[in-house]
Amino acid sequence: MNKEAIRVEIKGIVQGVGFRPFIYRLAKRLRLAGVVFNSSSGVVIEIEGKESSIDTFLKKIVLDAPPLAKIDNIDFSFQPLNNRTSFEIKESLPEEGGFIPIAPDISICKECLNELFLPTDKRFQYPFINCTNCGPRFTIIKDVPYDREQTTMDKFRMCQDCTSEYIDPDNRRYHAQPNACHICGPEVKLVKNDGSEVKCTDPIKETVFLLKKGNIVAIKGLGGFHLACDATNDEVVTRLRARKKREKAKPFAIMLFDVSQVKEYCQVNKIEEELLSSPQRPIVLLKKLKDCQIAKNVASNNNYLGVILPYTPLHYLLFHSSLATRHSPLPLVMTSGNLSDEPLTKDNDEAIKRLGGIADYFLVHNRKIHISCDDSVTSVVAKKESIIRRSRGYAPLPIILKFQLKQILSTGAELKNTFCLTRENYAFISQHIGDLKNYETLKYYQESIEHFKRLFRIEPEIIAHDLHPDYLSTKFAQDYSSLIPHIAIQHHHAHIASCMAENDMDEPVIGVAFDGIGYGTDGNMWGGEFMMADYQSFNRMAHLKYIPMPGGDMATKEPYRMAISYLYAIFGRDFMDLELDFNKRFKKENVEILLKMIDKKINSPLTSSCGRLFDAVSSMLGICDKIDYEAQASMELEMIAADKVKKGYDYEIIPSNDILVIDPAPLISGIIRDILNNIASKSISAKFHNTLVEIIDEVCVILKNRVGINKVVLSGGVFQNRYLIEKVIIRLTNDGFMCYHHSQVPTNDAGISLGQAVIAGNQVIG
Ligand code: ZN
Ligand code: ZN
Ligand code: FE
């Protein structure tokens, strides 16, 4: 019998996920002796025994790793035999400066779900049941190492039963930091919006009763509060909208009991089904069935519904309770518990103060949330996951880069903000932060940056920010330590670099950034850009023709302003005589004011934004003149596009110096002609989209011939449009391009923090 000894070093998410007990059980089963302990960068195993058993051991580490573990790297080396006879888990002390990725919050696992509904189990119907394979992580961790004392569970003392599970390496709850039960753990409570407790024997049952009666209930979850109500009741949904303010049309997400209930309302393909049921439990955007019985005002003018399955034991208990009196559980609106643009509410008192005017009741509990974290939103585009909001379940998992970076803080965009911190080959993108113009959100941003720095032991050596001088994220960067280099990164270069990094690329590419707006190096507002780019620099090769944005930021909120700008640029003042519905909707004197602003160049910055072109067309067609939420006009224009229409409109590509300028004037004239000929809006929308596909393809072909690059990277908010991106991918691929787009990092502005960090890191090296 050949014996050997080896030392194995494992990197990745291997702490706080049941990895050491897994190794312990595996070693014992294979009769191997040795020791396992946490190191500053992962887990170390010293093991000895039969050669063949060690081979099996190494294979099984990868194959049978616990569900939450994520192995990035395994290294092993041979060691002299130590004649050990047993296997043990060794406690380790934290090392100075050491760091380790932290697991995100994960939905309740199968075993815990079984126990939750097993009448003989000691945690039968316990709303906070969890184990090493599931439950809260990121949102309850105050500091590292991940020990109970460093989480918000510190104030609960484990009972004897829980303690014996906690210290038993053979138990599923060995070192499960949030471990608790009915006797020793957190509990739920129902309160009215005046703060008084509702006396009842079963707060969960009572909550369901109240929801069925048409009340709005704020429910405390993993990462913060949700506002919940009956998703089949138009009246209560309208009331929720009115109370939440300013969000007349913004779609709400709904929570359904299981995949088969989802199929009663939406089309679900295999990949979507997997995403819905994944441990990350994101909101998945699904196409509504024609006769979908969810209240229309949950997501009006939208072919899609954001659907999420229950992910905490509390959610499951709510649905089970609702099943007691119905043949199928009550579909619930589950929208973020915040006022518009504010961060998610996480504390009980704060919730009653801030949401008391919205919710009638509050289902709260006494496990504190240390850092709030919104639900993630994802969708399936071109047969792969395409994340729109990367937050709970995903953050703070790092993006693993192909290269090492210094410690960099990149401060992200202003809307849909995330920031990013890097260390070695890890890029830690923050959870969804949101709109920094909101004061509460800006505070949340600053706190989250400090929290990430502490958790991952990062002290930035470089700070990267957007080129836009007025972004609050830029101002934050400017106020940051003057002792380290500050690097400004052009917005669309960051978009493209973000997509390159996600796709592990490191060669020059043709980048297509179709976007809302981002500050350009010439001071104009870019957003319809073609560039040759790598991580160090970019060369702008083509863009949509500049057009004034009368009113600046107001033009983003009021798409009709862009419609007027385009019509004026193409038809002059004559556009006002056209027999268009559009002209009837606006008073002549108001239009005159905008024309004057354009003529006199008053607050009318020039833009090449593709998002603003979408807005203009949306308004011309009478779909959306003013928006309620970001990108509403372009999204509603996408929603009506008729898939069968193959034609497009004309456009012109004008060489100007070395840069190509794409003039959409013939496109706009074509649309106006079609409107005057009473062509259906759904055909016009499709033809508009098809034209953009044509433009992207033709420009890429020209650029390929110029620079000899056939890799095209697509990024920017406009590519959230499925109709467009799916057609672009097919078209470019058919024309011999290698086409790359986003999947795990958002294509919208939430993705630029990653791009900023990798560019800054590469510029400093180079
Ligand atoms: Zn579990
Ligand atoms: Zn207990
Ligand atoms: Fe952008």
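1. Two strands count as paired if DSSP finds at least two bridges between them, and the strands themselves (E, at least two residues), like the helices (H or I, at least four), are DSSP runs numbered from the N terminus. In this predicted model, strand E16 (residues 399–410) pairs with E17 in the antiparallel sense over 6 bridges, and Ile 399 stands opposite Ala 427 in E17.

2. As to the basis of the note, local features need pLDDT of at least 70 and side-chain atom pairs count only at pLDDT 80 or more, while totals for chains, interfaces and linings use all residues. Residues are numbered from 1 along each chain as its sequence is written, ligands are numbered from 1 in the order in which they are written, and side-chain values use heavy atoms, with hydrogens and water left out.

3. The open sheet has 4 strands in the order E17-E16-E18-E19, with mixed pairing; its edge strands, E17 (420–429) and E19 (486–489), each pair on one side only.

4. The zinc ion (ligand 2) is coordinated at 2.2 to 2.3 Å by the SG atoms of Cys 159, Cys 162, Cys 181 and Cys 184, where donors are N, O and S atoms within 2.8 Å of the metal (3.2 Å for Na, K and Ca). Cys 159 lies in the loop between helices H3 (110–116) and H4 (160–166), and Cys 184 in the loop between H4 and strand E6 (188–192), so the pair ties together parts that are 25 residues apart in sequence.

5. Both Cys 159 and Cys 184 are buried, that is, under 20% relative accessible area with a 1.4 Å probe and protein chains only (exposed is over 50%, partly exposed in between).
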